Structure formats: structure tokens, C-alpha cells
Amino acid sequence: MGWLEKNNRLLSSMIVLIVCVILWEIACHILQVRPFILPAPSAILIEMIEDPNYFIKHAGYTLMTTLAGFALAVVLGVLMAVGIVHSVFLDRTLYTLLVALNSVPKVALAPLFVIWMGTGSEPKIAIALMIAIFSIVIDTVLGLRSVDKDMIDMARSARATTMQVLFKIRFPCALASMFAGMKVGISFALIGAIVGEFVAGETGLGHVILLSQGMFDTARAFVAIVILGIMGTILFYTVEAVERILLPWHTSQRVNTQ
Amino acid sequence: MTQPRSYVHVRNLDKVYRSKQADIEALKSIHLDIQEHEFISVLGPSGCGKSTLLKCLAGLEPITSGEVILNGAPVKSPPDNMGIVFQRDILLDWRNILNNVLFITEIRGAKRTDYEDKARTLLKRFGLEGFEHKHPWELSGGMRQRVSICRALLDNPELLLLDEPFGALDAMTRDDLNLELARLWQETKKTVLFITHSIAEAVFLSTKVVVMSSNPGKIDEILDIELPHPRALNVRETPEFGEYVQHLRGHFTTLGVLQEG
Ligand SMILES: Nc1ncnc2c1ncn2[C@@H]1O[C@H](COP(=O)(O)OP(=O)(O)O)[C@@H](O)[C@H]1O
Ligand SMILES: [Mg+2]
């Protein structure tokens with residue numbers, strides 16, 4: 001029953017999407033909307049097919065910076081979380097600071113990264129990292145902390161070391177929460193990469209959008225946006241698929257309770 | 001001291017949990033002696049310090065004052081010859097049943113091969129043959145608690161501590177597990193400290209019942225249960241059994257905490 005419901009959900013959302021695209025196409029023709037205001041879906045498709053290599057190159061670049069930023073955010077974020085959980089000092093300083101900074105619009109810092117790191121891919125990776133890391137640190141800390149006290153006592157009753165408790169109990173327990181943070185993080189990393197490309201550089205889908213805007217080539221901008229949408233969706237579901245494989249106990253429970 | 005030295009020897013134990021808001025006197029002047037091969041139940045209202053007492057015996061909570069001596073040596077950290085079963089089964093969802101049972105010996109650094117056969121035999125004894133490679137979330141509550149008993153027993157501890165292990169189970173499963181625990185104790189004569197909410201369960205299983213009351217947590221009475229062993233479930237219908245239950249229930253009625261069960 002769960003399978004059918006889930007696929008029904010996918011199917012119905014696909015149908016809604018297709019209907020919207022058709023309405024959009026019809027509206028563009030009937031209302032004679034000028035293409036640089038809103039191109040018809042068919043025009044966007046043609047634009048994409050005309051020069052696929054151009055888009056593949058830029059999409060590849062954006063994907064790489066996103067993944068690099070995300071990977072660094074996961075590694076650094078988890079290390080920071082482990083430090084925060086095990087050190088009162090880091091908890092009081094670093095964690096308090098992170099939680100406070102989380103509400104600051106970090107996008108505003110993007111231009112500074114260009115000053116510091118130039119116009120290559122480094123500032124883009126750094127911005128992606130910066131935006132993605134918050135949710136990862138905060139959710140990992142939450143996960144590592146919310147371990148059942150009895151479970152730790154059970155390990156301690158065999159005189160488990162701090163490292164054994166960390167790797168055999170805390171991390172596996174925290175995985176569900178870590179994945180929640182990573183699912184937010186991967187979307188944020190993509191936003192960070194695009195913002196970085198907006199601010200400086202010659203490559204990436206963000207740059208394509210900016211360039212198209214300058215030339216009123218709205219169809220091209222839309223192609224970039226569509227690719228971004230698809231990319232973001234695939235990235236999100238990839239993280240979820242990894243979660244499904246690593247945490248069968250968690251995901252199976254979730255299906256049952258839904 | 002002239003009395004014979006007991007296996008577990010608790011004198012003047014005080015335990016205070018200190019926090020910013022208030023200090024909680026969880027245990028006050030606890031005296032308790034447990035002889036080898038005894039089955040002791042601890043009975044008391046929730047929050048009276050039963051779990052705290054168990055954790056102090058297990059070396060999991062530092063004591064505030066007094067002494068806790070196990071087999072002649074003061075308890076400072078969790079001893080090797082002890083197994084614990086907690087209220088919730090706390091199995092590790094990411095390990096299969098066999099690896100859950102092997103967890104304690106793995107932490108203690110033992111070779112897996114030395115214990116794997118034993119783990120399988122234990123699981124079989126508790127009716128879990130064929131479930132070795134299943135995962136905890138695929139098992140019922142009763143089966144899960146059986147697995148955690150196997151985990152506690154794997155290293156063949158002399159002392160078995162159980163903290164309300166059957167509290168979350170339905171009555172039938174509870175009866176089953178009570179019987180299995182009674183049989184296990186009959187066969188192995190391990191020293192057992194069993195915490196429970198249920199008066200009937202305590203009388204059925206124990207050689208002695210320790211009654212506690214709260215604020216601060218202290219021992220009110222230690223009652224010998226002189227029913228012959230081994231006991232079948234229908235011992236619960238005998239008048240002697242009824243008298244013990246009656247007596248113990250009186251405790252809680254006068255305390256204003258009526259316990260069912
Ligand atoms: N780690 C702890 N920190 C502070 N207070 C605690 C802690 N553990 C237990 N207590 C308090 O000590 C008292 C006894 O608790 P506990 O031993 O768990 O009782 P029981 O197992 O009989 O229900 C309770 O008032 C409880 O709130
Ligand atoms: Mg308790």
C-alpha cells in the first residue's frame with residue numbers, strides 16, 4: 001500500500017507539473033507574451049537543444065562547486081559537531097556563535113569572499129560551504145546529544161572508551177538527524193554556488209543567468225533555471241537515497257508512521 | 001566484622017544529584033547485603049531511587065558517600081563480572097541480533113570467534129534461533145527484551161542487574177519472561193538484582209524483596225520470600241503467595257501509592 005501511495009504521489013505531482021507547462025505554453029500564444037518577458041516552454045526547449053554543450057559545461061561547473069562545498073561542509077561540520085559535543089569550551093564559544101550567526105543572511109557576505117579569494121572556483125566553494133555548514137553542524141550536534149542515556153550506560157557498563165561510544169553509539173544514533181541536516185545542506189550548497197557565480201566569475205549556471213539577463217535572452221536564463229531545478233531535485237533525492245541505504249531502520253519506521 | 005561477608009555489601013550509601021536548581025537526595029542511608037545466588041527484587045514507587053541504586057551498584061553513577069563493595073572490592077567503575085538489562089531493551093538498530101548480543105564482549109575487546117557460538121546457543125535457549133541475522137526493528141517487544149537478556153548473559157556474569165525489564169510488555173509476554181528468568185536463575189544460580197513495579201512479579205521471582213520509599217529514597221523493609229523453588233506460575237494462586245502480596249501492598253497503601261500488579 002505504501003508503494004502505491006508513494007507512486008501515486010509522484011504521478012499526481014508529475015501530472016500537475018505537465019498541466020502547468022501546457023497552460024503556460026497556451027497562455028504565451030494566446031496572450032502573445034513577448035519572449036523576452038516570458039518565453040514559451042517550447043522556446044526554452046529549443047534553446048536548450050540548440051547548444052547543449054554550452055549548458056552541460058556550465059551545469060557541470062556549478063555541480064562541481066556545489067558538491068565540493070557540500071563535501072567540505074559535511075567533513076568540517078561533523079568535525080565541529082564532535083568537538084562541540086565533547087568540549088564545554090567549544091560548546092559555549094563556537095556553538096553559541098554558530099547558532100547566533102545562523103540567522104544572519106549569509107548571502108550578504110558573498111562579495112567579501114571574492115575580495116579574499118579571487119574570481120576562481122575557491123570563493124564559490126567557500127560560499128557554498130558557509131551556507132551549507134550551519135544546518136549540518138546544528139543537526140549533527142542535536143543528533144549526537146539526543147542519544148538515549150541508557151544506551152550510553154549500556155556501553156559504559158562494558159567500560160567503553162569515549163571513542164568507542166562515539167563511533168559505536170553516538171554516530172549511528174545521530175545519523176538520522178545528520179541526514180536531516182545534510183538534506184537542507186545540499187540545497188543550501190547549490191544556492192551558495194549560484195550566489196558565488198552571481199558575484200564573480202565566467203562560468204556556471206549563475207553566470208549564464210546573469211549574462212542572459214544582460215542580453216535580454218530570457219529563454220537562455222530559463223534553461224539555466226530549469227537545469228538548476230532538476231539539479232537541486234536530483235541532489236536532494238541522492239542524499240535521501242543514501243540515507244535509505246544507510247539507515248534502513250529509520251526509513252522503514254518513517255514509511256510505517258506516514 | 002563478624003557476619004559472613006556478603007557478595008554485595010552496601011553501607012550508609014547516600015546519593016545526591018547536584019544541579020543548578022536543586023540538589024536531589026536520590027538515596028539516603030542505604031544498607032543492603034546481597035549473598036551469592038540470591039534473587040533480590042527491589043520494589044518501590046517511581047522516582048524513589050531504584051535505578052539510581054542499580055547504577056551505584058553497577059559503577060555507572062559515582063556515590064556521594066558510604067560504601068559499595070562487590071565481592072570484597074569497592075566499586076569504582078563497572079566491574080567485568082556483571083550484566084545489565086535496562087527497562088527499554090536499547091538494542092542497537094544498526095546491528096543484527098547476533099551482533100547486538102556480541103556488543104558487550106566486543107567493547108571489552110574479546111575476540112568475536114570466542115563468543116559467536118555461545119551467542120548462538122544463548123539465542124537458541126531464548127527461542128530466537130533463526131533470528132540471528134534479523135534486525136531489532138523486525139522483532140516484537142518480548143523478543144527484543146530476550147535479546148537484551150542474552151546480551152547481558154553472554155560473558156557469563158556472576159551478577160545480573162535488571163531495571164524494570166518487563167515493564168513495557170503485555171501481561172502474557174511478561175509471564176513468559178518471568179518463567180524464563182526463574183528457570184535461568186534456577187539453573188545458573190547467578191546473583192540477581194531485579195527492579196520492578198509489580199508486587200506479584202517480585203514475590204514470584206525472589207528470595208528477598210526490598211521495599212523502598214521516596215523523598216529521600218530509602219529502604220523501608222526487606223522481606224524474605226519463603227516459597228519453595230522451583231516455582232510454577234500457579235504458585236500465585238496459593239494463600240502464602242497471597243499473604244506476601246497483601247503484606248507488600250499494605251506498604252504502598254500506607255504510603256499513599258497504591259500499586260497494581
Ligand atoms: N541523572 C540524574 N540527574 C538528576 N536527578 C536524577 C538523575 N537520575 C535520577 N534523578 C532523580 O533521582 C530520583 C530517583 O530517580 P530514579 O533512580 O530514576 O528512580 P526510580 O528508578 O525509582 O524511578 C528522581 O527524583 C529523579 O528525578
Ligand atoms: Mg527507574
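Tutor: A residue is called buried when its relative accessible area is under 20%, exposed when that value is over 50%, and partly exposed in between. By that rule, buried residues make up 44% of the 258 residues in chain A. The model is a predicted one.

Chain A contains 11 helices and zero strands. Its C-alpha atoms fill a box of roughly 75 × 55 × 30 Å along the principal axes. Among the contacts in chain A with a separation of 6 or more, 73% are between residues 24 or more positions apart.

One salt bridge within chain A joins the side chains of A:Lys183 and A:Glu243, at 3.0 Å from N to O. This pair links distant parts of the chain, for A:Lys183 belongs to helix 8 (residues 162–199) and A:Glu243 to helix 10 (residues 218–246), 60 residues apart. A:Lys183 counts as buried at 11% relative accessibility, and A:Glu243 also counts as buried, at 1%.

The contact between the chains can now be considered. Chain B contributes 25 residues and chain A contributes 21 residues. The area buried between chain B and chain A is about 2100 Å², of which carbon and sulfur atoms give 62%. B:Trp94, B:Ile107 and B:Trp137 supply 31% of the area that chain B buries against chain A, more than any other three residues.

Charged side chains also take part. Side chains of opposite charge can pair when their charged atoms come close. Across the interface of chain B and chain A there are five salt bridges, while the count over all chains comes to 30. One salt bridge between the two chains is formed by the side chains of B:Arg88 and A:Asp148, with 2.8 Å from N to O.

Chain B has salt bridges of its own. B:Arg18 and B:Asp23 meet through their side chains at 2.9 Å, N to O; B:Arg18 counts as exposed at 59% relative accessibility, whereas B:Asp23 counts as partly exposed at 46%. In helix 6 of chain B, B:Glu187 and B:Arg183 lie four residues apart, about one turn of the helix. Their closest N and O atoms are 4.0 Å apart, and the two form a salt bridge. Salt bridges that share partners also join A:Lys149, A:Asp153, A:Arg156 and B:Lys55 into one network.

B:Asn178 is found in helix 6 (residues 171–188) and counts as buried at 4% relative accessibility. Beyond its neighbours up to four places away in sequence, B:Asn178 touches B:Phe166, B:Glu201, B:Phe204 and B:Leu205. B:Phe39 lies in strand 3 (residues 39–43) of chain B and is buried, with a relative accessible area of 0%. Leaving aside neighbours within four places in sequence, the contacts of B:Phe39 include B:Leu181, B:Trp185 and B:Leu205.

Notes. Residues numbered from 1 in each chain as written. Chains lettered and ligands numbered in written order. Predicted model: local features only at pLDDT ≥ 70, side-chain atom pairs only at ≥ 80, totals over all residues. Heavy atoms only, no water. Helix = DSSP H or I, 4+ residues; strand = E, 2+ residues; numbered from the N terminus. Buried < 20%, exposed > 50% of the residue type's maximum accessible area, 1.4 Å probe, protein only. Contact = heavy atoms within 4.5 Å. Buried area = accessible area lost by both parts, 1.4 Å probe.
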